Amino acid sequence: MRNTPSKGRPDQWIGDMTVWLRENSPDNSEQMDRLRRNLQAARAQELTPRQQQVLELYYDRHLPTTEIARLLGVRRSTVSRTLCRARARLYKALRYSL
């Protein structure tokens, strides 16, 4: 039998596969709970006070970097670099926590 193209929409297969994976994947809620606990501890222990402050404003209060820069009296690029460094420190601290 020759390989014949499907008569359905090409993206339909991807959607079907996504549904199948969601229904048949193992439950990872325990790992996610552990990651959330470890993230809270890492934010308190691994980050500088400024990094903690910027992360809180950006992720918890959902402020844009320009607004954070205005509140802290620094340039937007400083806020972006602080976020990048904080994420890197958290990644380093949490990458083996699961």
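This is a short chat about side-chain contacts and surface features in a predicted model.

Me: How many salt bridges does a search of the whole structure find?
Reply: The search gives 4. In general, side chains of opposite charge can pair when their charged atoms come close.

Me: Ok, which residue does Asp60 form a salt bridge with?
Reply: Its partner is Arg43, and the closest N and O atoms are 3.1 Å apart.

Me: What about Asp33, which side chain does it meet in a salt bridge?
Reply: That of Arg36, at 3.4 Å from N to O. Both sit in helix H2 (residues 29-46), and because they are 3 residues apart there, about one helical turn separates them. Asp33 is partly exposed, with a relative accessible area of 38%.

Me: Which side chain meets Glu67?
Reply: Arg70 does, in a salt bridge of 2.5 Å, N to O.

Me: Is Arg70 buried or exposed?
Reply: Arg70 counts as exposed, because its relative accessibility is 56% and the cut-off for exposed is over 50%. Glu67 is partly exposed, with a relative accessible area of 26%.

Me: New topic. How many aromatic pairs are there?
Reply: The structure holds 1. The rings belong to Tyr58 and Tyr59, with centres 4.9 Å apart and planes at 90 degrees, so the pair is edge-to-face.

Me: Why edge-to-face, though?
Reply: Because the planes of Tyr58 and Tyr59 are at 90 degrees, and an angle over 60 counts as edge-to-face.

Me: How much relative accessibility does Tyr58 have?
Reply: Tyr58 has 28%, so it counts as partly exposed. Tyr59, at 38%, also counts as partly exposed.

Me: Last one. Which residues form the nonpolar patch on the surface?
Reply: Trp13, Ile14, Met17, Trp20 and Leu21, and together they have about 560 Å² of accessible area.

Me: Where is Trp20 placed?
Reply: Trp20 is in helix H1 (residues 10-24). With a relative accessible area of 48%, Trp20 is partly exposed.

How values were computed
Residues numbered from 1 in each chain as written. Predicted model: local features only at pLDDT ≥ 70, side-chain atom pairs only at ≥ 80, totals over all residues. Heavy atoms only, no water. Phe/Tyr/Trp six-rings, centres within 6.5 Å; stacked < 30°, edge-to-face > 60°. Buried < 20%, exposed > 50% of the residue type's maximum accessible area, 1.4 Å probe, protein only. Patch = residues over 30% accessible without salt bridge, like charges linked within 9 Å, V, L, I, M, F, W, Y side chains within 5 Å. Areas by Shrake-Rupley, 256 points an atom, 1.4 Å probe, with all protein chains shown as cover. Helix = DSSP H or I, 4+ residues; strand = E, 2+ residues; numbered from the N terminus.
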